[in-house]
Amino acid sequence: MIVVSSCLAGLNVRYNGTHSLDHKIHKLIENKKAVTVCPELLGGFLTPREPAEIIGGNGEDVLDGKAKVIEKSGRDVTELYIKGAVATLKKVQELNATMIVLKEYSPSCGSSMIYNGQFENEKIVGNGVTTALLKRNGLQVISEEQFSKVKLEGITS
């Protein structure tokens, strides 16, 4: 089973109420080869919601208590991001997922790049909170960009 970010499957769950539809991922959902997850919704957020970024580090730093996830208005939402990461890990483990594809740049799901925490549309190398927790538990997480290069039997892009 493959676990994918809900927004990549075309669900309107991003912070601004939109999606980031990836047609190859949508096809996996249609063929029942993947299930969706949104760590932010699992953490207790609603859609739409205020944008948030990791301040003072990356997802690993958040898990270690060295950085925080802050909404643009300044509200600390770190605990909700951690709660969503834990719920996502549990779901991934229950499904015995063989692949996890999460939305790049997200403070939850980024797997190689996230925003720099200054709400300036600048990106830095780093993992989101959920990706960091999944990786700590020995799971491989890739972005939709990396997934676009993966060849899957019976799935066309």
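Predicted model: local features only at pLDDT ≥ 70, side-chain atom pairs only at ≥ 80, totals over all residues.
## Terms and model

Buried means under 20% relative accessible area, exposed means over 50%, and partly exposed is in between, using a 1.4 Å probe and protein chains only.

Residues are numbered from 1 along each chain as its sequence is written, and side-chain values use heavy atoms, leaving out hydrogens and water.

## Aromatic pairs

Let's look at the rings. There are two aromatic pairs in the structure; rings of Phe, Tyr and Trp (its six-membered ring) pair if their centres lie within 6.5 Å, with planes under 30 degrees apart counting as stacked, over 60 as edge-to-face and the rest as tilted. Phe45 and Tyr81 make an edge-to-face pair, 5.2 Å centre to centre with 65° between the planes. This pair links distant parts of the chain, 36 residues apart: Phe45 sits in the loop between α2 (39-42) and β3, and Tyr81 in helix α4. Helices (H or I, at least four residues) and strands (E, at least two) are DSSP runs, numbered from the N terminus. Phe45 counts as buried at 7% relative accessibility, and Tyr81 does at 4%.

Tyr105 and Tyr115 form a tilted pair, because their planes stand at 55° with ring centres 6.1 Å apart. Tyr105 lies in the loop between β5 and β6, and Tyr115 in strand β6. Lys123 lies over the face of Tyr105, 4.4 Å from the ring centre; for such a placement, NZ of Lys or CZ of Arg must be within 6 Å of the ring centre and within 35 degrees of the ring normal.

## Helix α1

In helix α1 (residues 23-30), the buried residues are Lys24, Ile25 and Leu28. Viewed down the axis of α1, they fall within an arc of 100°, so they line one face of the helix; the arc is that of the directions from the helix axis to the C-beta atoms. Lys24 also lies over the face of Phe147, at 4.7 Å from the ring centre.

## A buried lysine

Which loop holds Lys103? Lys103 is in the one between β5 (99-102) and β6 (113-115). Lys103 counts as buried because its relative accessible area is 15%. Setting aside residues up to four places away in sequence, Lys103 touches Ser5, Cys7, Leu8, Ser20, Cys109, Gly110 and Glu144, where contact means heavy atoms within 4.5 Å.
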